[in-house]
Amino acid sequence: MWPSVTELAADYRTAPGEQRQIALADNISVEMNTRTSLNIRPPSGESNRIELIAGEAAVATRSQMIEVTAGNGRALASIAKFSVRYDGPNVCVTCLDGFVEVAQQGRPVTIKRNEQITYSAQGFGQMKSVDAAVVTGWREGDLYFQDEPLSRVIDEVNRYRSGRIVLMNDALGQRRFTARFKLDRLEVVVAQLQATFGARVTSLPGGVVLVS
């Protein structure tokens, strides 16, 4: 959970639970989610450029070309809204409105509203349809989980809080969970795990919570 040196040296960076909006140009805005680091790169031709080092950002452009690089690929759009999330080896691009070209290893793919595609060093994953409002619920202060493994739910919640919830039971981590949490009330997560699954909880200093 500690940021890398590259993240610490980024032009813009958000702390756990922090969100930030920046104006890249008159017609381009960028919303940074929690634990996000990015650099502003010099323009290339008519394209404004952002390098997403880690985390998640939602981009809106109304008539100017914007290129977002992440990992070994990029997302390019001129009239669109889209989000890019970069976790470890995987990059996930979701189109919120308009059209977005996603290019990786010289191969371009175009996605439209409510479509999502991932890529990594191994190439593109399968394009799929999503509810873009759910994917970017964080912009409205919400986290949505629909039939997700509890291990993934805890990993996601940990992005938004200081300290760490540690899952000590592998079998519990495979249980499926559907929930909606408010980002400003994440303290209810542990209590809900106790109520729903009968989980045992041990609180330690520094915001560390053991769940078994």
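This is a predicted model: local features need pLDDT of at least 70, side-chain atom pairs count only at pLDDT 80 or more; totals for chains, interfaces and linings use all residues.

Me: How many residues sit between S9 and S10 in the hairpin?

Reply: There are 2 residues between them, and Gln-105 in that turn has a positive phi of about 55°.

Me: And which residue is the bridge partner of Gln-104 in S10?

Reply: That's Arg-107.

Me: OK, on to packing. Which residues touch the most other members of the largest nonpolar core?

Reply: Phe-82, Val-84, Val-93 and Val-100, out of 27 residues in that core. Strands S3 (28-32), S5 (47-61), S6 (66-70), S7 (73-77), S8 (80-87), S9 (90-104), S10 (107-112) and S11 (115-120) each give two or more residues to it.

Me: Which strand gives the largest share?

Reply: S9, with 5 residues.

Me: What is Phe-82 in contact with, leaving aside its neighbours within four places in sequence?

Reply: The list includes Ala-57, Ala-58, Val-59, Ile-66 and Val-68. Ala-75 and Ala-77 are on it too, and so are Val-93, Thr-94, Cys-95, Leu-96 and Val-100.

Me: What other core lies apart from that one?

Reply: One of 23 residues, with Phe-145, Leu-150, Val-189 and Ala-199 among them.

Me: Changing topic: which residues of helix H5 are buried?

Reply: In H5, residues 188-197, they are Val-189, Val-190, Leu-193 and Phe-197. Looking down the helix axis, these buried residues fall within an arc of 100°, so they line one face of H5.

Me: What covers them?

Reply: The cover includes helices H3 (150-158) and H4 (170-173), plus strands S15 (164-167), S16 (176-182), S17 (201-204) and S18 (208-211).

Me: And what follows H5?

Reply: Gly-198 does, with a positive phi near 65°.

Me: You mentioned S15, S17 and S18. In what order do they come in their sheet?

Reply: S15-S18-S17, in an open sheet of 3 strands with mixed pairing. S15 and S17 are the edge strands, each pairing on one side only. On average, neighbouring strands there are turned by 20° against each other, direction ignored.

Me: Do S17 and S18 run parallel or antiparallel, and how many bridges join them?

Reply: Antiparallel, with 4 bridges. Leu-204 stands opposite Val-208 in S18.

Definitions and conventions:
Residues are numbered from 1 along each chain as its sequence is written. Side-chain values use heavy atoms; hydrogens and water are left out. Buried means under 20% relative accessible area, exposed over 50%, partly exposed in between (1.4 Å probe, protein chains only). The arc is that of the directions from the helix axis to the C-beta atoms. Contact means heavy atoms within 4.5 Å. A nonpolar core is a set of buried Ala, Val, Leu, Ile, Met, Phe, Trp, Tyr and Cys residues joined through side-chain atoms within 4.5 Å. Two strands pair if DSSP finds at least two bridges between them. Axes are lines fitted to C-alpha atoms, for helices over the stretch in contact, and angles run from 0 to 180 degrees between N-to-C directions.
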